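Please consult the sequence and structure shown below alongside the text.

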Amino acid sequence: MKCKGRTWKFGSDINTDVILPAQYMNLRDPQELAEHCFENENPTFVTDAKPGDVVVAETNFGCGSSREHAPIAIRGKGICCVIAQTFARIFYRSAFNIGLPILESPDAPASIHDGDEIEVDLTLGQIKNITTGQVFEASPIPSFMQKIIDDGGLMAHIRMTNPDKFGDS
Amino acid sequence: MAYKVAVLPGDGIGVEIMTEAIKVLKQVATKYHLEFELKEGLIGGAAWEKFRDHCPEETLELCRNSDAILFGSIGGSVEEEHLPKWENGNNKSLIRLRKEFDLYANLRPAKLYPALASKSSLRADLAEKGVDILIVRELTGGIYFGQPKGREGSGDEERAFDTMVYSRREINRIAKVAFDAARSRRKKLACVDKANVLTTMVFWREVVDAMAESYPDVEYQKLYVDNAAMQLVRDPAQFDVMLAGNLFADILSDEAAAITGSIGLLPSASLADGSFGMYEPSGGSAPDIAGKGIANPIAQILSAAFMLKYSFHLDQASSAIEKAVDELIAEGKVRTPDLGGSHTTSDVGDAIVEKLLTA
Amino acid sequence: MPMTITEKILAEHAGLEEVRPGQLINAKVDLAMANDITGALAIEEFRKAGAKKVFDRTKVVFVPDHFTPNKDIKSAEQCRIVREFVREQNLSEYYEVGQVGIEHVLLPEKGLVLPGGLIVGADSHTCTYGALGAFSTGVGSTDFTAAMITGELWFKVPEPIKFVYTGTLNPWVGGKDLILYTISQIGVDGALYKAMEFRGEAVEKLPMHGRFTMANMAIEAGAKSGIFHPDDLTEEYVRHRAKGPYQFHATDQGVEYTEIHEIDVSKIEPQVAFPPLPSNTRGIHEVDNLPIDQSVIGFCTNGRLEDLRDAAVVLKGRKVSKGVRCIIFPGTPSIYREALKEGLLEIFLDAGAVISPPTCGPCLGGHMGILAKGERAIATTNRNFTGRMGHPESEVYLSNPPVAAASAVLGRIGGPEELGL
């Protein structure tokens, strides 16, 4: 799977309240959540982000709460994937669980700037900054997490492994 | 829910020195954003004047509804001792209050102020080493209160007897106060008893020894009372906290105060379980200088500081007052006649307030 | 091979003889928990996936504590969703407003989380229960749903990182200050994905409420979990409450830690975490004139009875400064009631503070004390990210209860010593 679009660049320690302010935690619909994504940090994100765009951040992206509303909002906005130097661990799991592709890359974020055109090959784990021409390799996704993605997310994955617990639908 | 204090100035100089202590408390309240509810009551001769009772029910009720008692001093002149107004006043009021509120732990500090070393009865080199002792006295038990107590028989065989008795509970609770005090000071405790002769004292030592195990951070020593009395005059600097029963501590605390030469400066505290306590100067009501505006209020002010520390846990506020007093004495500029100066009671109070203001 | 206490718990729940850091395991959970916000989302996942029942009606708990008593219609709807699910699944433990408390104070109080247990919760501060010597971690709603259905969850065994606290605590210094200091030393990702282990003589003497406070903030250092060795204090706490069996584990001799940090607590004074991170911490004496508009005391970090007592000692006989709003958040109805009996609530009321029902309320910018633009609050909560308690241009400073109470009286950030204590 490939992503191609504009980079939305953020710094370090971007916490879940920045991604989705907690006052909107009584919303659940991904589209409704998407309308408030990063609204205080970068107000143009809500208006200008397009499906296919990529979020790039530095260290400890998604720290703070375990509330899935944050990755759901990012995915709801049509963001194709999130690239960061490191991710907070609850966000890391949750992103995979809900089907938001993420890549860890120690080098790429420093050389990618807000507004750069970017292309990402999720299968190969390759990141290309079209604006500067630089190419980066992301850290490989653990095979276990890859399996979850391949199965279509955690819920789909456990349906396959625990069919007796689910109804016919 | 302000801090409620029952203020009992009493007789003689009690009224004048209490005025200064109240002044200091008000400054503390402003400085530390708190409220005291100060209510006055009558006690001793002053109470007898109005109620024909040294410790009227009204005063007791006030104390019951308060968090602490700030006590001045009671008693009349030697000449008037026999008058009903003064007779048995001590027993009727102080002892009454101690029993009523189970004030079993009496704390009596003995501190030598270097600037006043000349007033001490110690040799100069000993005085230079300094004296800073806290005597913890068991106040509601022991031989003063033990039963049976009486007289019997006649002629040559007529005899009188008192009973020295202490329960484990009584010893434990006073020992805990002493160990906790040592922990908050220089971490040394001397247990004073007569464990070579008195059964009660063998038991006393046994119980205190056991408690020492829970305070491994406190240096613990044991002394017979006769040795303790000698050590106090030989080398008082060796002591931090001393613990003894009612009789022995009564004697040693006066001895310790006397060697500092500044009994007029020493406060005392009498504590119950929990935070309730009564705080009063160690000295008396000095009727001969009453009303002249020259009494030394420092003991009363330091009693208020004790109250802040032991009843209200306002450690910083308490230390601030003590520090102000230390400085005032060291500077030597504002002193009442008993310390060789010519200032008034009120001058001293004002000076302490000034120091708190600028601290 | 020697194992840490965390590894032993994971191994036992995965049915394995031993586990090593980095290993992927599937472990059975003793309890899966969610609140009104994360629970509603999880229940939707549950339905969407076509699941029929939870794996064990006694091991799935919903605690509606975030936007309750309901802050608005949407929040009321979320609680309705949770309530209906609880009824449908006939869950044995559910707490309605009136019995509900803040989840991380309530569950230990009810004896539902125990030493040796493995607990997952759809709330990042689920790590709190590590104070009891359990493995406890926060997960997203989807992970929680998976655990709700199957009774197990996959884990990657975290690397161990040890913190040894020595020395004697200074006055007014407690668990909150120790953990704030620790986070300031290692950073908000200093323990990323690791299992923090809190050891040393200073924490062995720390009472349970201080341990809960410390474990509560393990996530603020990026940790997977934070754990204390259970001991006599733990036994005393759980003995009469435990709703099931419990087990004490301990780290073996000879374990190799990824990192070991030694901290001398006698050098630590009350700490204040400046915005925008819990790691941006300074000692109270380094705080200059910072006037406040609000002081909020309690919550899952510091809402236990002992915390309220500490605040009451400071507020007794004093008044909240004019223009400051001081709100108290007891952790559970039991704590509220005890505080009432002990006269603490009267002290708070006399001081001019307000007492809230147990709720997370303003901690996450929900309700019950939101900040306007330019306002500053001191809070005994665990997070001070930008906009956390309201307007993005408001500020939150974190502290322990005595400092938050003293600040309410002073009208600026300051400690109890300034009040003579």
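The points below cover conventions, chain contacts, domains, a sheet and a helix pair.

The model is predicted: local features need pLDDT of at least 70, side-chain atom pairs count only at pLDDT 80 or more, and totals for chains, interfaces and linings use all residues. Residues are numbered from 1 along each chain as its sequence is written, while chains are lettered from A and ligands numbered from 1 in the order in which they are written. Of the two pairs of chains that touch, chains A and C have the most contacts.

**Conventions**

- Two residues are in contact if their C-beta atoms, placed from the backbone, lie within 7 Å.
- Helices (H or I, at least four residues) and strands (E, at least two) are DSSP runs, numbered from the N terminus.
- In the residue classes, Ala, Val, Leu, Ile, Met, Phe, Trp, Tyr, Cys and Pro count as nonpolar, Asp, Glu, Lys and Arg as charged, and the others, Gly among them, as polar.

**Contacts between chains**

- The contact between chains A and C takes 38 residues from chain A and 45 residues from chain C.
- On the side of chain A that touches chain C, two or more residues each come from α1 (16–19), α5 (89–98) and α8 (154–161) of chain A.
- α5(A) gives the most to this side of chain A, with six residues.
- By class, the side of chain A that touches chain C divides into 14 nonpolar, 15 polar and nine charged residues.
- Between chains C and B, 13 residues of chain C are in contact with 13 residues of chain B.
- Helices α13 (344–351) and α14 (401–410) of chain C each supply at least two residues of the side that touches chain B, and α13(C) gives the most, with three residues.
- The side of chain C that touches chain B has six nonpolar, two polar and five charged residues.
- Chains A and B are joined by no contact, and their closest C-alpha atoms lie 36 Å apart.

**Domains of chain C**

- The assignment for chain C gives domain 1 (5–240 + 257–263) and domain 2 (276–419); such bounds come from an automatic or database domain assignment.
- The C-alpha centres of domain 1 and domain 2 of chain C lie 24 Å apart.
- In chain C, 34 residues of domain 1 are in contact with 31 residues of domain 2.
- On the side of domain 1 of chain C that touches domain 2 of chain C, α4 (103–109), α6 (175–186) and α8 (208–216) of chain C each supply at least two residues.
- The largest share of that side, six residues, comes from α6(C).
- The residues of this side of domain 1 of chain C comprise 14 nonpolar, 13 polar and seven charged.

**Domains of chain B**

- Chain B is divided into domain 1 (1–103 + 272–359) and domain 2 (105–266), with 24 Å separating their centres, taken over C-alpha atoms.
- The contact takes 15 residues from domain 1 of chain B and eleven residues from domain 2 of chain B.
- Helices α4 (89–100), α10 (298–310) and α11 (315–331) of chain B each supply at least two residues of the side of domain 1 that touches domain 2.
- That side of domain 1 of chain B divides into seven nonpolar, four polar and four charged residues.

**A parallel sheet in chain C**

- Four strands of chain C form an open sheet in the order β9-β8-β7-β10, with parallel pairing; two strands pair if DSSP finds at least two bridges between them.
- β9 (225–228) and β10 (259–264) of chain C stand at the edges, each with a single partner strand, so one side of each is left without a neighbour in the sheet.
- From one strand to the next, the twist averages 20 degrees.
- Strands β7 (residues 160–166) and β8 (residues 195–199) of chain C run parallel and are joined by five bridges; V164(C) has R199(C) of β8(C) as its bridge partner.
- Helix α1 (residues 5–14) of chain C packs on the sheet, touching β7, β8 and β9 of chain C, and its direction makes about 110 degrees with that of β9(C).

**A helix pair in chain C**

- Helices α2 (residues 36–49) and α5 (residues 141–150) of chain C pack at an angle of about 60 degrees, with their axes 8 Å apart.
- Axes are lines fitted to C-alpha atoms, for helices over the stretch in contact, and angles run from 0 to 180 degrees between N-to-C directions.
- The contact residues include L41(C) and F46(C) of α2(C), and F144(C) and M148(C) of α5(C).
- By class, the contact of α2(C) with α5(C) has six nonpolar, four polar and one charged residues.
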